[in-house]
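Subject: Structure handover

Hello,

Here is the structure we talked about passing on. My notes follow below it.

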Amino acid sequence: MKVTSGRVQQPAKSRESKIQTRILKQDVTGNFESKKNELPDGLNKKRLQILLKGYGEYPTKYRMFIWRSLLQLPENHTAFSSLTDKGTHVAFLNLQKKYPIKSRKLLRVLQRTLSALAHWSVIFSDTPYLPLLAFPFVKLFQNNQLICFEVIATLIMNWCQHWFEYFPNPPINILSMIENVLAFHDKELLQHFIDHDITSQLYAWPLLETVFSEVLTREEWLKLFDNIFSNHPSFLLMTVVAYNICSRVPLLNCNLKDDFETVEDMQAEVDQQRVEDEAWYQKQELLRKAEETRREMLLQEEEKMIQQRQRLAAAKRELKIKEMHLQDAVRRRFLKLQQDQREMELRRLDDEIGRKIHMRDQEIAATAKDLEMRQLELESQKRLYEKNLTQNQEAVAKEMRADADAYRRKVDLEEHMFHQLIEAGEMQSQKTQKVMEENLAKAEQACLNTDWQIQSLHKQKCDDLQRNECYQEVAKLLRENRRKEIELLHAMVEEEAKKWKEAEGKEFDLRSAKKASALSDASRKWFLKQEINAAVEHADNLCHKEKSRFHNEQEDSSCLPRTSQLNDTSEMDPSAQISLNRRAVEWDTSGPNLIEKVRNLRQRLTAQARHRCQTPHLLAT
């Protein structure tokens, strides 16, 4: 069941009148009352209450503006920034686990607002119902977090200031007031609650914790807070009593505690379903009206389109007839003569343009060839210069220049002959064309002559523009060629300097190498002489030793007594004499052999010494 402003006015009126009388006792002057009713931005609280009483709610367009004026929000950006800069409070780091919200943006705004409240006052970090109380305001002001924070803070400071006297327990003082008001207005319902052991913590405190956001629709909740912000803070308590009185029928039918806990949820679901049904019916009615309006508009538009089409068709027919008459008249008068004469003129102009284009292409080709030849010459010069001043390169360069000159002369001769051929053909075509023009000139009209002259001038102008562009391109190529020549000259100068430096370095290296070679040759000659001398001395020593040993043996044999030799020889048998003769022959033949061995040994030592001297030289080279 809905809670409307009309239903809660009756219980709230008596309480409000009592509170107003108490305020008047404190200050009786009228100035205070007038100052109290005056609000910022030129609003007046009394007038706003009259407007609210007449319409039941504030205009949707100006509701937020009126709320800010009623609550007199300071809009202190500096203080709010200092609170948000402290970051997320520890108590709300795991807020998503306890309150799973699909929208991440809404969750971040709720977490930031709760953290700012906790940093503002430590008690809010331990307040379990703070997310339930703040959520509807966060959802309403999610695009303006400063206003959201200040609205919640103002609500807590003015409407919930006595809720924390028994903290962390529920506010027993506030619940007792609600119970007393319920006893005054509906004793039967209160007695029913007492009989079934239902306290105000069950039928009143959940409504205060959620500020009616779970039992009212969005529109109903906005209307409720239009009245709460426009009246005394006790109006919130009266609204709790009024809601229970309006739900007394299902509450009186409940006999169990669980039934009391679920009846409010069921009532909220019923209200939600009824609101959705009403919205659906309204939507269907609006759609039906919109469809009817659309059909009427379409019929009107179709009628207008038919009329316009008829007018357009008549106008088109008239224009078509006029156009056909004009075309026939023009076609009979000018078609044949104009067509023939323009074809001849256009043919002549096309021939002239083609000739000029051909000449221009030849000039461009000749210039391009000259540029290419010049570039080839420059490249050949660069290659010749890089190969650095050899006679063969100079001969090749001269030969290439001669070939290039001969090729250029050949191209010039061919182009000259081709130009003569073209000029002869042009003279013949000009004569023929002149005869044709003289035959056709008598039939031309003044207006056509003017048109042809204009066309001719236009063609000439276009040709001049094209030729100018061609000249510009050629000039650009020439400038580029000159720039490349300058770059090549600079490169050649730099390369020349590098070559001279390189030549000086190589000359220095050559002198150093010659000095090292001379020293190596001297050392090698000295070593070779030493080895040869040593080998010769060694061979001489060996030969001397062999000769001395041979002479000693001969002397020993000659020193024996002749008598004994004779006696021995006479006494020897023939076989012993034969062996002595054989030994003498062996000694005679071993002497030359020994000399030959000494000679071979000397040659082998000399060859070894030469090989040793040649090996370091090969390694050095």
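Contact here means heavy atoms within 4.5 Å. Among contacts in the chain between residues at least 6 apart in sequence, 75% join residues at least 24 apart.

Some ground rules. This is a predicted model, in which local features need pLDDT of at least 70 and side-chain atom pairs count only at pLDDT 80 or more, while totals for chains, interfaces and linings use all residues. Residues are numbered from 1 along each chain as its sequence is written, and side-chain values use heavy atoms, with hydrogens and water left out.

**Overall**

The chain has 21 helices and 0 strands. These are DSSP runs numbered from the N terminus (helices H or I, at least four residues; strands E, at least two). Of the 621 residues, 26% are buried. Buried means under 20% relative accessible area, exposed over 50%, and partly exposed in between, with a 1.4 Å probe and protein chains only.

**Core**

The largest nonpolar core has 75 residues. Such a core is a set of buried Ala, Val, Leu, Ile, Met, Phe, Trp, Tyr and Cys residues joined through side-chain atoms within 4.5 Å. F137, L208, F212, W221 and F229 touch the most other members. Helix α9 (residues 145–159) gives the largest share of this core, 9 residues.

Leaving aside residues up to four places away in sequence, W221 touches W67, P136, F137, L140, V211, F212, S213 and L216.

**Helix α4**

W67 is one of the buried residues of α4 (residues 63–71), along with R63, I66, S69, L70 and L71. They pack against α3 (45–55), α8, α9 and α14 (218–230). Just after α4, Q72 has a positive phi of about 55 degrees.

**α5 against α9**

The axes of α5 (residues 77–84) and α9 come within 11 Å and cross at roughly 90 degrees. The two helices are therefore roughly perpendicular, a label for angles of 65 to 115 degrees. Axes are lines fitted to C-alpha atoms over the stretch in contact, and angles run from 0 to 180 degrees between N-to-C directions. H77, F80 and L83 in α5 meet Q145, L146 and F149 in α9.

**A loop residue**

T127 sits in the loop between α7 (104–120) and α8 (130–140). T127 counts as buried because its relative accessible area is 4%. Beyond residues up to four places away in sequence, T127 touches F164 and F167.

**Annotation**

An unreviewed UniProt entry annotates residues 283–332 and 467–503 as "coiled-coil region". Such annotations may be inferred rather than shown by experiment. In the model, residues 467–503 are 100% helix and 0% strand, with end C-alpha atoms 52 Å apart.

Best wishes

Notes. Angles under 35 degrees count as roughly parallel, over 145 as roughly antiparallel, 65 to 115 as roughly perpendicular and the rest as oblique.
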